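Hi everyone, thanks for making the time. Let me put the model up, and then we can walk through some charged side chains and a pocket.

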Amino acid sequence: MKIMTDSPIRFPGLFGDWAITASSKALDIGKGVYWYGIIIAFGLLMALLFCLKQRKKYGISEDDLYDGLLWGIPFGILGARLYYVIFYLDLYRNSDGSLNWGEVVAIWDGGLAIYGCVIAVVIVAFLVSRRRHFKFAAMLDLVVMGLLIGQTFGRWGNFMNREAFGAETALPWRMQLTTTTGALIEVHPTFLYESLWNLIGLLLIVFVVSKARRFDGENTWFYFLWYGIGRFWIEGLRTDSLYLFDWTIAGQPIRVSQALSLVMVLVSAFMLLYHLKIKPHDPCELYVNQAAARQEESK
């Protein structure tokens, strides 16, 4: 089922016949400047500004943060694209089975997966932390808040692209779109579900988790737990899931994001339990406190 990229977007159960008619393309220049890219860029800017404001609470210097972002942003995009292409590889093959590299790199035609971005960002943060000699987990505790900001805004790029929606529904907040055949469908606005879920997760980290942070990595494991639970639920509503090749369970195809979310929830729940209950930490072990102590000694 394909949706018209410029089809009107309606919420008939909430706003009657009122429609959003803005095109997915903001500027018709070259291959086009899409709202998706503009919204993603705005989300990255907001994430950067927020992390700059919060960095001192985690002992991360401005230079370390800029260095991480310098490498993290391009590799995050690369990871998101690579993850998507791997699981939709047949879409990028020529008739003789060889890869169509022109299509593989055509990121402007869509095809990014957030889990690929997260994996790439974690790897980059680890490598940068080793090179600049700061604590990897402390940087991640800061970065995951930026990720949540980027994800919160980024889903509105999906909204403008008329993508990442769910199955048909009659709920009052249903979203109405037009298929390429002219048929009207009313679906779950899963972009909105995930955007709100990420926003709530961000607020929980900022105002609850980080206020009583007992070990470096606590924000990070909470992020993976929270995001995993939400993504497992929301992915089950979507109609455009990436599937784990042709593998099945009980005759049903396996959704990659749901499988990864389940693993992520179990691992993060165990790690939080381990660090908070089985092996609790002393506040002096936090990197921000260690960095402050070193700075005090150097005076």
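To start, a polar contact here is a pair of N or O atoms within 3.5 Å; within protein, one must be able to donate a hydrogen and the other to accept it, and residues adjacent in sequence count only if both atoms are side-chain atoms. With that in hand, look at Arg162: its side chain reaches the backbone oxygen of Met160 at 2.7 Å.

Some housekeeping: this is a predicted model, so local features need pLDDT of at least 70 and side-chain atom pairs count only at pLDDT 80 or more, while totals for chains, interfaces and linings use all residues. Residues are numbered from 1 along each chain as its sequence is written, and side-chain values use heavy atoms, with hydrogens and water left out.

Back to Arg162, which sits in the loop between α6 and β5 (175-178); helices (H or I, at least four residues) and strands (E, at least two) are DSSP runs numbered from the N terminus. Does Arg162 have a salt bridge, or none? None, although Arg162 is buried: the nearest side chain of opposite charge, Asp6, is 5.1 Å away. Buried means under 20% relative accessible area, exposed over 50%, and partly exposed in between, with a 1.4 Å probe and protein chains only. For charge, Lys and Arg count as positive and Asp and Glu as negative; His and the chain ends are not counted. A salt bridge needs a side-chain nitrogen of Lys or Arg within 4 Å of a carboxyl oxygen of Asp or Glu.

How many salt bridges does the whole structure have? The search finds 16. One of them joins Lys135 and Asp216, with the closest N and O atoms 3.1 Å apart. Lys135 lies in the loop between α5 and α6 and Asp216 in the loop between α7 (190-209) and α8, so this pair ties together parts 81 residues apart in sequence. Lys135 is partly exposed at 32% relative accessibility, and Asp216 is buried at 10%.

Next, Arg155 pairs with Glu194 at 3.2 Å between the closest N and O atoms. Since Arg155 is in helix α6 and Glu194 in helix α7, the pair ties together parts 39 residues apart in sequence. Glu194 also bridges to Arg231, at 3.8 Å, and both of these residues are buried. Arg155, Glu194, Arg231, Glu235 and Arg238 are linked in a network of salt bridges.

Finally, the second largest pocket. It is lined by 26 residues, including Trp221: on a 1 Å grid over the protein atoms alone, a pocket is an open set of points where a 1.4 Å probe fits, with protein on both sides within 12 Å along at least five of seven lines, and lining residues have an atom within 4 Å of a point.
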